[in-house]
Amino acid sequence: MVVCLLLSASTPPDFVSPSLFPLLPSPLSLSLLIPHSLSVERIRQPSMAAPSTSGLEVLLSTLKDVGDIESTLNILNVLDELLSAGSDRRIHYMISKGGSESLLMALVNTVDTIPPNYTLLLPILHLVAKVGHRDHRIGVKAEKAEAVLLMLGLLRQNLKDAKRAAACLWVLQVFCTSVSTAMLLGKNRGLDIVFKLIPMHTTKHIRTVKAAIDALAALLRSKMNCRAAVSKGYISGLLKLFADWHSNGTDCKHLPILRALLNCLHQAANTSIGRSSLVAEGGIALLFQTTKTCMFTRGMESLVEPAVQLMRKCYPKCPLPLTSALSAHIFPLPGRPLGTWDFIPGAQGDGFEDDSDNDVENEDAENRDYEDDMETDLESLRQRPEPDRPLEQLGQYVCLCPELHHDFQELDSGSETEESSDEDSLLNGDREDHCLMAGQGSPQAGQDSPQEHRASTQNPPLCPPRNGHTTPISRGEDHTAPEGEDKQNMKAKDLHSQCLGSHEDGHHSMVDRLLEKFGSCIPHHDPRLYAAAAANTRSVAGYSILAFPDFWGHLPPPGPEQMAVRRPNIQRRKVLEDIERFLCPEDIINKVVFDVEDPSPQCSSDHKLSLRFFSKFECGNLRKAVQVRSYEYDLILNADANTSQHHQWFYFEVSGMVANVPYRFNIINGEKINSQFNYGMQPVLYSVREALEGRPCWVRAGTDICYYRNHFQPSGSQRDSSFYTLTFTVTFQHDEDVCYLAYHYPYTYSALQAHLQMLQRSVDPRKVFFKQQSLCNTLAGNSCPLITITAPPSSRSWKDLHQLRNRPCVVLTARVHPGESNASWVMKGSLEFLCSSDPMAQSLREAFIFKIIPVLNPDGVINGTHRCSLSGEDLNRQWKKPDAALSPTIYHTKGFLYYLNSIGRTPLVFCDYHGHSRKKNVFLYGCSMKETLWQSGSSVDTATLKEDPGYRTIPKTLDRIAPAFSFNSCNYLVEKSRASTARVVVWREIGVLRSYTMESTYNGCDQGIYQGMQMGTRELEDMGAKFCQSLLTLRKSTMFYDSKVISHMPLLDDSLLDHKSHNCFVDDEPPCVEDIEYQSPMTSNLPGSDIDSEVNANMFSTEDEDKDEDKQMPHCRKNRHTDLKSRLYPHLCRPDSL
Ligand SMILES: [Zn+2]
């Protein structure tokens, strides 16, 4: 009675905070609580031995030595009451004080008495289940207390008593959190005993049935038990049980049973033998059918997700339909024998599956890895390493600073301008000022380069220009042409007659006519110039065909485009369609309609029932297309040259479509585990028909987009590695159009060349000093351009020349990762802004000398790779020790930076433009020694370290002036894994304080005025302009010479600055609405309250209550606080017990 008063449920749960918990009940109040046989002395004893001993510890130690029944019941009652109120923190506190051990000892002592006293035993069992459920070491503790087999024995004795059996099963279930305990039980026939407790559909003892299924699932956590269960035929048994309960329980009465059965199957499917058994027993077909029913039965929907995940798990893995995973592009490397390129690291495994019984407890491994990755060595953060090459080698870079040596004669002669080069110079391969000679890392100048050899043996011959062609393009001029005629002529083949190098009259006149009709609408783009530039571009496969969008140009659509809305359960629907392939293979066409390696003319064949695909053009990436169903295609991307991985970038042509029919495309060899395609991002589409009708736009397109793990498996990899599918549906507007689909807005190397030519022509040399040079040649012999932009001096006076030569340098680079085409659009924005007549641009040119390398990886861009250069390496991991022969662009960019450093012109700012595939917005990564030490929890006293906080100025400014920019996404940590990136090496080795990586999303923004919008090329270009504008804020502090130049400073005023409120802190995407990674354990597996509520219900049920079990199972927490006491310990409250 006293207990009821003192610790009644009316105590507000949070009043007893964990910190107060040790004091309640205090030893003093215990003297009131514990009746008769336990003397106050006995309770106080422990507290005298250890003064800090709490009341809880006293209770626990008393519990261990079971005294008389009533006082033990009292203690159990107190404990249960305390633990039931408030949060789990109390239980964890009790566990930390040895609660589990005390309960186990009480359990063992009680079972050992003959016969066991069940009045005492049941409350103990229930408490063990509740506490053990939160104690991840309960299994180990139970083994130590020798309670495991004792429990199994107790269960055996009570198979006929549903209530006692349920209590035993819950305890066994929590013991199995330790795999070794599960194994111990398995070895002692635990599986058989538990499995036999699961009956076919019944209405009796549902709670006990569920407890048995849950215990079986827990036993199956051990892979050894799984194998035993499979060999005993339990998988087929479980499937039969599932079918039976399902067919009898469509009114969702038995939902918990069905879920528990699915959980058992999930556990079994963690082994290969379990999966194949499930497939062999027709499990996939059964699950597929039941899932279809559940989808349309109210209340049964919650079964769909676990069933779909189980089907995905068991879907037999198969390799991609490729003869080799190695890229279709093989490029012989200087100094390396053929065939020494990489294979997927760690993929050399023999397919061995880890079926061993491991207790895996590495949940926070990822966090730990992240912290381990921080550079915490003060010396390596602070000290600048010795240059990686002798100083005398730097002389070769003198010519890359033409502004320092230019004599600016035009300032005297007035209107005299530099001769502008036209496309003829491009056609003849002329480039200005090749700085480097052969043997300086620009190999094979003038030699037979490997790709030429390849081109001559493997290229298809150039398509001949068609005579008197009625090409689609000329047809396109005729807007009144009847639809049928148009259709007939709109053939991809005809577009391909836009060949490189065919400069006969027919070709030119066609281009001219087109331009006459449609031209000049795209600023800074000239198709003739583009074709001329492309003729000099060297690809591994010797591309001779231009993709129409690159040739013709792109105009951004009128406004930013909304992110796509994800339809509910879209992934589930796609996965079920995939599973149907397995169940009904006869419905699958499986016809290869395009293969980049197969020269047979599939792609040009006129089979009416298939789409036609093509990708053999600059930046193109599509390796193979397989028609799966009438309107569904599996697409396989090519690996980066000389590698067997990095499938992400795609760009291909598709034609032969029927209008207004949804076509499903599946790119089936994605590697990343998640994608912005799950968060509103769409691929981009360009329609030739639309372009010729005056809308030459890449637009975001595609519906029903999602990205998920599929059943294709990388060759030679471990069992649990899989590819991912990006699926999207496109409904084309026009019949027989020629369309292009890409991962992101393409920007080819030839486009850059043409664009630079246009820029050079457009600038007024009296206002803009613009110089294009070649930094070096790439492996394939393409030039890596370096652009210098600044303002010419006002006069040739000493003073003005001196001002020019003292302007700080800003070095900008981009596109080291070829798949990050957004970086090129941002760079285009920067270049155009810096060359513009905008007064801010003028100020920038007067204040700085810009050194710009717009594409650090020309070969990768040209050949449609995603990450690497032709060497098969990520060039942004080569900066520490770049190889002059294999990574010439990095070697010489670094050399040039060393050179600037050596002449006292260390750049004020360095920024490398990138694209980010997993985050939204635009943001910067910088380098800060202090922030790195803080974040890593280093013991170094950072207060004594000096660091210029100037690295934050640009991100702060951008946050205010650039709508897409998010300051909160920026960070300034120096990670070991990034030690060889441009940002870190330029900071550490060249000593550039403001050294950044600028990441632009492929998707869109979740803050600011672009919130909910996808980025278009206009927004990306604007970002490039804004980055340059942000540099003006640095100028005040660096203006050491001529105050006159600051004239335009006030332009960066507050009206420009405060256009948006501050961002909320959203860094990473929330977990995807649908489970992309089905390898993770089922989340439905025993939420904490589940077992508690069932345990509680078990306490008060009488045998006949089982008949309306559906009333109590889900609702037993109702009215918890009002009648908990009387339900929990009826003997305490009933008048006769007083
Ligand atoms: Zn990148």
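Reader: Thanks! What makes you say that both faces of strand E20 are covered?

Author: Happy to explain, with the reminder that this is a predicted model. In strand E20 (residues 922-925), Val922 and Leu924 lie on one side and Phe923 and Tyr925 on the other, and all are buried. Buried means under 20% relative accessible area.

Reader: How do you know that E20 is an edge strand?

Author: E20 pairs on one side only, and so does strand E15 (769-777). The open sheet has seven strands in the order E15-E16-E18-E17-E19-E21-E20. Two strands pair if there are at least two bridges between them, and four join E20 to the antiparallel strand E21 (residues 994-1001). One of the partners is Thr997 in E21, bridged to Tyr925.

Reader: Why are helices H5 and H8 called roughly parallel?

Author: Helix H5 (residues 69-84) and helix H8 (residues 118-132) pack at about 25°, their axes 10 Å apart. Angles under 35 degrees count as roughly parallel, so H5 and H8 qualify. Their contact includes Leu73 and Leu76 of H5 and Ile124 and Leu127 of H8.

Reader: Which classes of residue make up that contact of H5 with H8?

Author: There are 10 nonpolar, three polar and two charged residues.

Methods:
Residues are numbered from 1 along each chain as its sequence is written. This is a predicted model: local features need pLDDT of at least 70, side-chain atom pairs count only at pLDDT 80 or more; totals for chains, interfaces and linings use all residues. Side-chain values use heavy atoms; hydrogens and water are left out. Buried means under 20% relative accessible area, exposed over 50%, partly exposed in between (1.4 Å probe, protein chains only). Helices (H or I, at least four residues) and strands (E, at least two) are DSSP runs, numbered from the N terminus. Axes are lines fitted to C-alpha atoms, for helices over the stretch in contact, and angles run from 0 to 180 degrees between N-to-C directions. Angles under 35 degrees count as roughly parallel, over 145 as roughly antiparallel, 65 to 115 as roughly perpendicular and the rest as oblique. Contact means heavy atoms within 4.5 Å. Ala, Val, Leu, Ile, Met, Phe, Trp, Tyr, Cys and Pro count as nonpolar, Asp, Glu, Lys and Arg as charged, and the others, Gly among them, as polar.
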